[in-house]
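Morning, everyone. Please bring up the model on your screens, and we'll walk through it together.

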Amino acid sequence: MWFVGCGNMGSAILDGWRLGGLDPNIITVIRPSGRAVEGVRVVTRVADAGPAPKVAVLAFKPQKLDEIAPELRKYLSSKTTIVSLLAGVEAASLRQRFPGVGAIVRAMPNLAVAIRRGVTGLYSPDVDQAMQDELNSLFSALGFAMWMADEGKLAALGSVAGAGPAYVARFIAALAKAGQQRGLSEETASIIALETVLGTAWMAATTGEDMQSIANRVASPQGTTQAGLDVLDREHVLDELIAVAIEAAARRGAELAQDARAQLAEGERLH
């Protein structure tokens, strides 16, 4: 398996697989900087990576696709499956850049794959059952993984699960900041906010209880929690804020897809 590039998400996946006991000797990371990756062979050029891999994970920035693809495709084969982490770059765009590979798979993991508690969406128009099963096993080792019916559903998952950890982190920070404003120390407020969110999520995950039921159990009629919920529920302020954030993420994903299509069309025009 090759990792072409190894940024935040690529590193998170490797961390999760390392925790899960995957043999690191099967992986080669290709990165021009040559910066070391724990337990994994690193080379600076595709030409030095060895025979064509069974799986090539694209883990660089989407904007670099047309810079990297022409050289990379020379070293792949019809038995190589491309697994793309490139946000917004559609399978058709990838297929046009890598016409000779066996299958194109898009994967949208989130950062929690690093501790094997992540969410990964997978989509492919042409992967066979054997490779689908193999990839499902690999990504299920990192948390929850599911195959999506189409790229629209994959984009929806990405805008919620992919971006979600950033929004949850901001919520935890806001909860901690509110605690500080009530007189708690920064350290105490941060611990309380984090443990509250972790405990609530873990309780819901283990019991299957829905969020409204949990909120109702915490809040007494005309009590302190209900007073706070009334603020959040007024004109659905929290729902609206999250919806606007998700919409912005989805819009940016669509822009990246359009950019990839435009770059491909420009390349064809020049040739």
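First, a definition: two strands count as paired if DSSP finds at least two bridges between them. Keep in mind that this is a predicted model.

Now use that definition. Go to strand β6, residues 103–109, and strand β7, residues 118–123. Four bridges join them, and the two strands run antiparallel. Take M108 as an example: its bridge partner in β7 is G121.

Some background. Strands of a sheet pair through backbone hydrogen bonds, either parallel or antiparallel.

Let's zoom out to the sheet. How many strands form it? Eight, in an open sheet. Read the order with me: β3-β2-β1-β4-β5-β6-β7-β8. The pairing is mixed. Which strands sit at the edges? They are β3, at 41–43, and β8, at 143–147. Each of these pairs on one side only. On average, neighbouring strands are turned by 20° against each other, ignoring direction.

Next, the helices that lie across strands. Helix α1, residues 8–19, lies across β1, β2 and β6. It runs at about 155° to β1. Helix α4, residues 129–140, lies across β4, β5, β6, β7 and β8. Against β8, the angle of α4 is about 155°.

Now a helix pair. Two packed helices are described by the angle between their axes and the distance between the axes. Here, α5 covers residues 151–162 and α6 covers residues 164–181. They pack at about 30°, with axes 5 Å apart. Angles under 35 degrees count as roughly parallel, so α5 is roughly parallel to α6. What makes the contact? From α5, it is S159, V160, A161 and G162. From α6, it is G164, P165 and Y167. That contact divides into four nonpolar residues, three polar and no charged.

Last stop: empty space. Rolling a probe the size of a water molecule over the atoms shows where it is left. The structure holds one cavity of 30 Å³ or more. The largest cavity has a volume of about 50 Å³. Its lining is L14, W17, R18, L22, D23, P24, I27 and V40. Six of those lining residues are nonpolar, none are polar and two are charged.

Conventions:
Residues numbered from 1 in each chain as written. Predicted model: local features only at pLDDT ≥ 70, side-chain atom pairs only at ≥ 80, totals over all residues. Heavy atoms only, no water. 1 Å grid on protein atoms, 1.4 Å probe; cavity = no way out; pocket = protein on both sides within 12 Å on 5 of 7 lines; lining within 4 Å. Points joined across faces, edges and corners; volume = space filled by probe spheres on them. Nonpolar A, V, L, I, M, F, W, Y, C, P; charged D, E, K, R; others polar. Axes fitted to C-alpha atoms, helices over the stretch in contact; angles between N-to-C directions. Parallel < 35°, antiparallel > 145°, perpendicular 65-115°, else oblique. Contact = heavy atoms within 4.5 Å.
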